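Please keep the sequence and the structure in view while reading.

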Amino acid sequence: SPLQRRRDMPATRIEAISHGELERVSGGYSQALFSAMQQAVNMGLTINSTTTGEHAPNSMHYKGRGFDAIGTPGQMQSFYNWAAANTHPHELIHKNQFLKDGHPHAPIGGHDGHVHFSI
C-alpha cells in the first residue's frame, strides 16, 4: 500500500514543539493573500511570481506576502479594479496605477505586463 513505509526508508520520529516555538513558526500564504490569488485565477489571470523572480531588495515577494499576476490587458485591469475596491493591499500596482496602503502614489515603472499585489 502507498501508505506503508518503504522498507529502504528509515522510520522517522516526529516530536512536538513547545508552545513558544510554535508561536514563531511561519510559512504559507495569509488567507487574505491566498484569497486574492484565487480571485485573480478566477478572473482568468495566471500567478507567475510569488517568492521567486527578480524584485526590489525589500520586496514583499521575498517575505511571502506578494504575487504578480499576468493575463490580457482587460483581465489585469479588471483584477486591479476588483482588488482596489474589495481588498486592503499593502501595494497594488499595474501600469501607471499605484495604491500603497489605500492611498494613490506616483506610478513606478516595470508593471505594464502584470499586476503586483502584496499584503
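## The outward face of helix α2

On the face of α2 that is turned away from its buried side, the exposed residues Q31 and N42 are found. The model is a predicted one, and in it α2 runs over residues 31–42, which makes 12 residues in the helix. From its first C-alpha to its last, α2 reaches 16 Å, close to the 16 Å expected at 1.5 Å a residue.

## The buried side of helix α2

Which residues of α2 are buried? They are L33, A36, M37 and A40, and because they cover an arc of only 100 degrees around the axis, they lie on the same side of α2. The elements that cover these buried residues include β1 and β2, together with α3 (73–86) and β6 (115–118).

Just after α2 the chain comes to G44, which takes a positive phi of about 95 degrees.

## Residue H61 in its loop

H61 belongs to the loop that connects β1 (46–49) with β2 (66–70). Is this residue buried or exposed? H61 has a relative accessible area of 1%, and because buried means under 20%, H61 counts as buried.

Leaving aside residues up to four places away in sequence, H61 touches S49, T50, T51, H55, G66, F67, D68 and H116.

Key. Residues numbered from 1 in each chain as written. Predicted model: local features only at pLDDT ≥ 70, side-chain atom pairs only at ≥ 80, totals over all residues. Heavy atoms only, no water. Helix = DSSP H or I, 4+ residues; strand = E, 2+ residues; numbered from the N terminus. Buried < 20%, exposed > 50% of the residue type's maximum accessible area, 1.4 Å probe, protein only. Contact = heavy atoms within 4.5 Å. Expected span 1.5 Å × (residues − 1). Arc of directions from axis to C-beta.
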